[in-house]
Amino acid sequence: MSAVLSCSGLVSGYLNRPVLHGVSLDIPQQGVMALIGPNGHGKTTLLRTLSGFLTLRDGHMSLNGTDMNRASVHARVESGLIHVPQGDQLFTEMTVEENLLMGAYLCVDGAEVSNRLNEVFALFPKLKDRRNQMASGLSGGERRMVGIGRGLMADAKLLMLDEPSLGLAPLVIEQIYEALGHLRQSGMAFLVVEENPSRLLSFADSLCLMDAGHIVWRGTAEEAKSSGDILKTYLGGQ
Amino acid sequence: MDVAIQIVITGLTLGSMYALASVGLSLIYGTLGMFNMAHGLFMTLGAYVAYSVAVAFGIPLVLGIVVAMAAGALIGIVTHLVMVRFMLGTADFGTNVLVATAGLGILIEDLLLKVYGGYPYPQPLAVEGFTRIGRVTVTYQAVIIFAVALILILGVAWLLLKTRFGRAIRATALNREAAMLMGVKADTVFLQVMALAGMLAGVAGLMISTQATLSPQMGGDPLLKAFVICVVAGLGNVWGAGLCAFGLALLEAAIGFYIGVRFGFPAMLILVILVLIWRPQGLFGSEKVVRL
């Protein structure tokens, strides 16, 4: 299957400190790819590079065959590369509904926007009850739902989720992953970043393991389970 | 009773001008995180351009307002395009842009002095005539100032709260990176905010000049008061700035009447000090200042 996003030899990072040392990654047109690895090894840096906040120093990336090396953040969102950032980054002094509408900012077709809004409300019914409430007053789980819902409001070709389980209670993580399970049936492409691989082992179609700015291992979830040494080495075992 | 009416009318007139000035200032601070020290000169420029056009073509006040708005919006856009845009995202942006806009303000003031001279021209767009409420005189100009401020501020509120355009501005102010991830072009939003704030400042300048005279220094006093209002309201809080503008203006009018006009501003400053001791984040400010 062809890739929605192909990256080869990505080098990027901060001023005097490169974080990614040549990352090559092909993300399939549909299904869930998991990117796992310990903290501080470049997972978030990779997402920020893909969404255009960090400039590419070397390497090449293309979305559905279109070169994206120098594209602005805006241009990438417009072509369907949607990034749901770590820690939600909601617009706290706006209502739940306004937050979701911001997700569809680039869509000017009112009917289409309300369709998408209803889809998000169908996925997270709690948000419908809270639609006129300020985002700052939500619980952690509800904030996560708004964050993911806001990403879904965009016309995503690839949805990149940075640690969707971060800081949530186990029961709430269940709910979030249950919703993600519904979403995967839509046939969209997902890149899910997590530090803790336990949940993604049973959820993702394929896994990439990131360490010190390199992708050190990739394969299917089955392969990861059978070669347990890999996960044990990098993540302290399961 | 007459005294109360007089104070309310003076307060509302002053408050309208302060609100026009401080809402724009607050909008810029909330969105770009910058103190626009040239804001006073945006006002002065609006007043002078309206004056020039009125002298040359004898336009009515309604058109004068449009001209002042256009002049203010234009100077806001130019300020962003030639200066602020290049400074955004640099280290110490807040301090650098403060000095740079202060410099721009001095430059515009000197240019106006060069072109028009220091002579305090009367504003030809001012409307003559008055009516009475009880024994209190209410000038038509005061009514116009209040009506214009009310319409423009409600218009801005509608824009910010109810439109897609305004949502993008608020989102950028609340979380610039997240707004960009939604596809908002932050640069465009900044330009729009500078134009919008400049527009309000231009009208404020025109209104202030109808109450006194035109002079290149006329923007200094309202700028200072707008800063005071923004700080009392909580930096970047646009609604708070609008409310505080009227509150402080009423206070100034009351003190001016009972104690003496020259005590109005010192009383405002004392109040600011008290407010900042009690609530350092301002009356309507949140604990965590919206720094972007």
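This is a short tour of chain A and then chain B, one selection at a time.

This is a predicted model, in which local features need pLDDT of at least 70, side-chain atom pairs count only at pLDDT 80 or more, and totals for chains, interfaces and linings use all residues. Residues are numbered from 1 along each chain as its sequence is written, while chains are lettered from A and ligands numbered from 1 in the order in which they are written.

**Stop 1**

Strands here are DSSP runs of E with at least two residues; helices are runs of H or I with at least four; both are numbered from the N terminus. Two strands pair if DSSP finds at least two bridges between them.

Zoom in on strand 1 (residues 3–14) of chain A. Nine bridges join it to strand 2, and the two run antiparallel. Find Gly13(A): its bridge partner in strand 2 is Pro18(A).

Axes are lines fitted to C-alpha atoms, for helices over the stretch in contact, and angles run from 0 to 180 degrees between N-to-C directions.

**Stop 2: strand 3 of chain A**

Select residues 31–36. Five of these six residues are buried, so strand 3 is largely enclosed by the rest of the structure. Buried means 20 or more other C-beta atoms within 10 Å of a residue's own, with C-beta atoms placed from the backbone.

Which strands pair with strand 3 in the parallel sense? Strand 8 (residues 189–194) does, over six bridges. Strand 9 (residues 206–211) does too, over four bridges. Leu35(A) stands opposite Val193(A) in strand 8. Ile36(A) stands opposite Leu209(A) in strand 9.

**Stop 3: Ile75(B)**

Move to chain B and pick Ile75(B), in helix 3 (residues 61–87). Is Ile75(B) buried or exposed? Ile75(B) is buried, with 25 other C-beta atoms within 10 Å. Next, select Met194(B). Ile75(B) and Met194(B) are 119 residues apart in sequence, yet 8.6 Å apart in space, C-alpha to C-alpha.

**Stop 4: two helices of chain B**

Finish with helix 6 (residues 164–174) and helix 8 (residues 186–211) of chain B. They pack at an angle of about 110°, with axes 10 Å apart.

Definitions and conventions: Buried ≥ 20, exposed ≤ 12 C-beta atoms within 10 Å, placed from the backbone.
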